[in-house]
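Please look over the sequence and the model below before reading on.

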Protein chains: 2
Amino acid sequence: MVNVAIMGHGVVGSGVAEILINHADRIAEKVKAAVNVKYILDLRDFDGLSYSDKFIKDFGIILNDDEIKVVVEVMGGINPAYDFVKSCLLAKKSVVTSNKELVAAKGAELLRIAEENNVNFLFEASVGGGIPILRPMAQCLAANEINEIYGILNGTTNYILNKMIVDNMDFDAALALAQEKGFAERDPAADIEGHDACRKICILASLGFGKHVYPEQVKTEGITGVTLDDAEYADKFNCVIKLIGSAKKLPNGKITAFVRPTVVSRECILASVNGVFNAIMVNGDETGEVMFYGKGAGKRPTASAVVADVMDCVKHINARKYLSWEDGSPDYVDNSVEEKQKFYVRIKSQNYQLLKSEFIRVFGENTFFIGNEFSKELVFISDVTDENELKMQLDSLKGVCGLTVFHTLF
Amino acid sequence: MVNVAIMGHGVVGSGVAEILINHADRIAEKVKAAVNVKYILDLRDFDGLSYSDKFIKDFGIILNDDEIKVVVEVMGGINPAYDFVKSCLLAKKSVVTSNKELVAAKGAELLRIAEENNVNFLFEASVGGGIPILRPMAQCLAANEINEIYGILNGTTNYILNKMIVDNMDFDAALALAQEKGFAERDPAADIEGHDACRKICILASLGFGKHVYPEQVKTEGITGVTLDDAEYADKFNCVIKLIGSAKKLPNGKITAFVRPTVVSRECILASVNGVFNAIMVNGDETGEVMFYGKGAGKRPTASAVVADVMDCVKHINARKYLSWEDGSPDYVDNSVEEKQKFYVRIKSQNYQLLKSEFIRVFGENTFFIGNEFSKELVFISDVTDENELKMQLDSLKGVCGLTVFHTLF
């Protein structure tokens with residue numbers, strides 16, 4: 001029998017407890033050992049549950065109980081999760097977490113401590129909820145050199161953008177609906193400002209490229225600047241707007257790492273990822289592009305990913321999984337250099353005729369654009385170009401009073 | 001150092017040899033052991049390669065060399081692959097294969113022999129080429145009960161259908177182009193008649209549901225009956241035609257298993273899977289739908305999946321991976337019962353006016369259809385209905401001289 005403690009009995013934690021307790025037989029059969037939830041740590045009281053007797057309020061009980069071999073951390077946040085996890089690993093207990101904030105900030109350090117103590121630190125549920133992504137990346141793509149990872153990493157923003165695109169709903173109404181449906185995370189700002197996607201691209205890039213990427217190194221832009229007009233214009237170019245997180249190797253050994261609203265061609269399969277679904281594209285030198293798709297959040301999918309990690313820990317008691325990456329460094333992420341690409345540009349002016357003639361003067365007669373005389377706007381998708389060159393061209397346009405530029409994916 | 005033998009030096013085998021030899025350093029670092037290709041078995045001569053000295057023609061050399069711990073079988077076909085693999089496992093050598101025909105026919109038996117001899121039998125590359133699918137199903141979805149597996153399992157047919165849909169190319173021309181581009185497998189009949197997809201759904205269902213499904217138990221229909229007209233009609237219903245392999249649990253513990261051309265709504269993400277790409281949807285009780293997407297074939301992707309399995313064997317020398325399923329049974333697959341669904345129906349008659357009036361008599365005035373007076377055809381998508389009931393209705397239509405019915409995915 002293997003004894004397990006769960007720290008945190010929120011949405012995910014209660015899901016983990018339910019699966020481990022209700023499906024104990026199925027799990028025991030698969031791992032060839034009984035898995036027993038001995039403690040659940042939470043400061044709140046939970047009376048009337050079939051497992052109410054397991055609750056404790058003192059972390060020390062878990063730490064000092066040598067019978068506890070696996071600890072599940074599903075409290076969220078850095079404090080006290082970081083101290084608790086570190087203490088558990090140092091006490092030679094394996095730890096499973098769904099806490100993306102913790103892994104994005106402290107992953108390299110915690111993995112090293114796990115290695116030094118010959119225990120496992122697993123966090124499949126921290127990216128993409130129930131979508132298997134970290135383990136396939138580490139194992140099945142073992143024979144690959146990964147060059148690029150990108151995708152739709154946040155279900156809430158994808159739901160909001162989808163409502164804007166399909167149902168013509170404006171941003172605020174779509175956000176309110178997402179909150180009403182319970183799709184928004186505890187702090188909606190973390191979703192709509194891109195921080196959640198940022199943490200996930202950190203974890204994916206760290207694992208995929210072997211060196212820690214910290215959230216503050218990722219150039220992060222949320223979806224609050226995306227308007228219903230942008231969604232409609234994009235549609236006219238056979239595109240949709242998605243929040244894309246991306247990390248890519250550069251020839252000089254550094255990487256770029258971004259989260260930003262991106263105009264995605266409908267020819268690209270990511271354009272078909274709707275609602276609260278996530279999709280992560282991994283580009284390996286041998287396999288080419290592989291994509292992992294599913295619901296990126298939610299109690300049951302996330303809890304089931306945590307339980308799968310617990311099962312893996314139980315199977316590998318006294319054996320290490322090869323999961324690790326180096327510490328990061330300040331100059332490892334370099335967002336100043338980026339490949340040439342197409343850009344979506346929306347220009348507003350106080351004089352539509354001037355705007356048109358200026359546009360033709362700078363970009364030539366043959367550049368296709370959508371003009372809107374009523375709103376005094378002009379929208380176009382540039383040729384493949386250098387971002388700085390495009391900005392110089394845009395700066396030279398006279399009479400511009402508003403400008404939106406989005407990167408694209410074609 | 002771990003010694004490896006490769007049996008077969010065709011497309012995949014040569015790719016495996018190249019990766020193992022050219023990327024030896026990267027691989028050694030990841031598995032913490034040198035992996036040495038000691039023999040390559042092939043009846044043909046391969047002079048002038050940097051590793052021409054490794055070729056042998058006698059299987060006995062591999063079998064009797066105790067230094068060989070891992071054997072790669074990439075010969076294809078059942079004979080002699082089956083005998084060779086069985087002998088290797090009995091000699092306590094782990095085996096890695098990409099041979100879907102072998103695994104679909106003999107998987108349960110070979111897994112049992114591997115277990116009895118405490119070695120591994122891995123075959124990630126047998127489904128979806130370089131797409132990680134079997135291992136994520138077995139491991140990450142460990143906490144899930146899998147209910148359904150379906151998807152686009154054959155890149156060649158998907159390429160052909162895509163050319164018909166997008167480029168208006170007829171079946172024969174699209175097939176010729178696929179062959180010219182080298183997308184067709186050695187035997188194109190295996191692709192277009194659905195046998196390749198059938199073998200893959202057997203492997204997926206066996207692993208996902210825990211009991212062997214044999215190819216002859218799967219109701220298999222290829223794409224040779226799909227016409228350019230069907231592709232065009234489907235488009236008018238905002239659908240595309242895809243070859244879908246599917247396996248689903250029934251409430252009575254049995255399963256259904258099919259491969260067939262299916263009319264897929266563009267609302268479904270599988271409709272956006274184009275070209276030679278594969279996409280496999282797995283429905284778990286906790287995670288909901290997760291999809292794995294990528295190029296399903298090709299030398300490099302498939303070879304890299306084989307190499308990843310070899311690396312896993314090397315890491316698990318003397319340790320077993322929990323991968324197994326029971327023997328099948330004749331009555332386990334029951335294709336007589338299927339859920340109600342919509343159907344795509346194309347009816348041809350010698351008298352278009354009679355066809356229309358007969359259609360309205362049987363299906364009512366409000367059933368939408370697309371009529372084609374010139375070709376004397378009428379196409380409609382039925383309401384959600386029972387297949388037998390629909391067939392009775394269709395049988396009662398007078399004057400019908402041609403009928404096409406496809407299942408749908410909405």
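Predicted model: local features only at pLDDT ≥ 70, side-chain atom pairs only at ≥ 80, totals over all residues.

## Strand S9 of chain A and its partners

Strand S9 of chain A, which spans residues 239-249, is mostly covered, with nine of its 11 residues buried. Strand S7 (residues 146-152) of chain A pairs with S9(A) in the antiparallel sense over four bridges, and in this pairing A:Gly151 stands opposite A:Gly245.

Strand S10 (residues 255-265) of chain A also runs antiparallel to S9(A), to which 11 bridges join it; here A:Gly245 stands opposite A:Val259. The hairpin of S9(A) and S10(A) has five residues between the strands, and in it A:Gly253 takes a positive phi near 90°.

## The interface of chains A and B

In the model, 43 residues of chain A are in contact with 43 residues of chain B. The two chains bury about 3,800 Å² between them, and 57% of this area lies on carbon and sulfur atoms.

The count of salt bridges between the chains is six; one of them links A:Arg300 to B:Glu286, whose closest N and O atoms are 2.7 Å apart. The elements of chain B that give two or more residues to the side touching chain A are helices H2 (24-31), H6 (134-138) and H12 (299-315), together with strands S11 (277-284) and S12 (288-295). By class, that side of chain B has 22 nonpolar, nine polar and 12 charged residues.

## Strand pairing between the chains

Strand S12 (residues 288-295) of chain A pairs with S12(B) in the antiparallel sense over five bridges, and A:Val290 stands opposite B:Gly294 there.

Notes
Residues numbered from 1 in each chain as written. Chains lettered and ligands numbered in written order. Heavy atoms only, no water. Buried < 20%, exposed > 50% of the residue type's maximum accessible area, 1.4 Å probe, protein only. Pairing = 2+ DSSP bridges. Contact = heavy atoms within 4.5 Å. Buried area = accessible area lost by both parts, 1.4 Å probe. Salt bridge = Lys/Arg side-chain N within 4 Å of Asp/Glu carboxyl O. Nonpolar A, V, L, I, M, F, W, Y, C, P; charged D, E, K, R; others polar.
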